[in-house]
Amino acid sequence: MDFNNLKSLTMETEYAKIVYTKPVQYFLLKFYLSDIPIQSLIFISPFIGSLDGSRITLDCVCRKVAEKGIFTYVITRAPEEEYHQQAIETLMSYDIVELRYNESLHAKLYICIAQNESESFALLGSANLTWNSIENNIEIAMMIYGRGHGKEILRELSRWGLERLRTLSDTKLVKKIKYQWRQ
């Protein structure tokens, strides 16, 4: 590798940024601390944990989702480990979360769709939605913003997650969204 070109790899463009350090935490903090109006979240990760002990727990994310009326779509594998089962129980307790299982899932994709498309963002990379991914593992991801060329990339990633992966015959619905808008 030519280390003289490494700087160009780490530069943020108008619509993308490489995230080397704790990419899932970076995404969650961007979502959690944001005050922009958000329509929906999409979490695609074969393994999900409660994230207890990290800066933003899964329950914190779900509480914000419920409070703000953010439709949330989660696709994961059926849990085999205790940490994954605990996360599933958290997700199941929130009416505004849809949960689906796909046993072939290996992709990791997190999307935040804002009401203003240019404020939307996604994280595509190696990290599962787990404490280990945040605290122990070496992970890398690309943060994509809904600006410039990033708009079409975000649209395609959203279509892939919500229309293609979510509706595959191998993707099984576990829990529907039961949320009703407040009057």
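Okay, let's start with helix 6, which gives five residues to the lining of the second largest pocket, the most of any contributor. This is a predicted model, where local features need pLDDT of at least 70, side-chain atom pairs count only at pLDDT 80 or more, and totals for chains, interfaces and linings use all residues. Residues are numbered from 1 along each chain as its sequence is written, and side-chain values use heavy atoms, with hydrogens and water left out.

A pocket here is an open set of points on a 1 Å grid over the protein atoms alone, where a 1.4 Å probe fits, with protein on both sides within 12 Å along at least five of seven lines; lining residues have an atom within 4 Å of a point. Helices (H or I, at least four residues) and strands (E, at least two) are DSSP runs, numbered from the N terminus.

So, back to that pocket. Its space is about 150 Å³, a volume being the space filled by probe spheres set on the points, which are joined across faces, edges and corners. Strand 5 (109–114) and helix 6 (150–165) each bring at least two lining residues. Among the lining residues are Ile111, Glu117, Arg155 and Arg159.

Now the largest pocket, at about 190 Å³. Which helix gives the most to its lining? That's helix 5, with three residues. Helix 4 (82–92) and helix 5 (131–135) each supply at least two. The lining includes Gly49, Asp52, Tyr83, Thr130 and Trp131.

Let's stop at Thr130. You'll find Thr130 in the loop between strand 6 (121–125) and helix 5. Is Thr130 buried or exposed? Buried, at a relative accessible area of 7%, where buried means under 20% and exposed over 50%, partly exposed in between (1.4 Å probe, protein chains only). A polar atom of the Thr130 side chain sits 3.2 Å from the backbone nitrogen of Ser133. Leaving out residues up to four places away in sequence, Thr130 touches Phe47, Ile48, Gly49, Leu51 and Tyr83, contact meaning heavy atoms within 4.5 Å.

Last stop, the cores. A nonpolar core is a set of buried Ala, Val, Leu, Ile, Met, Phe, Trp, Tyr and Cys residues joined through side-chain atoms within 4.5 Å. The largest has 39 residues, and Phe27, Leu28, Phe31, Leu41, Phe43, Leu91 and Leu129 touch the most other members. A second, separate core has 14 residues, including Leu105, Leu154, Leu157 and Leu162.

Key: A polar contact is a pair of N or O atoms within 3.5 Å; within protein, one must be able to donate a hydrogen and the other to accept it, and residues adjacent in sequence count only if both atoms are side-chain atoms.
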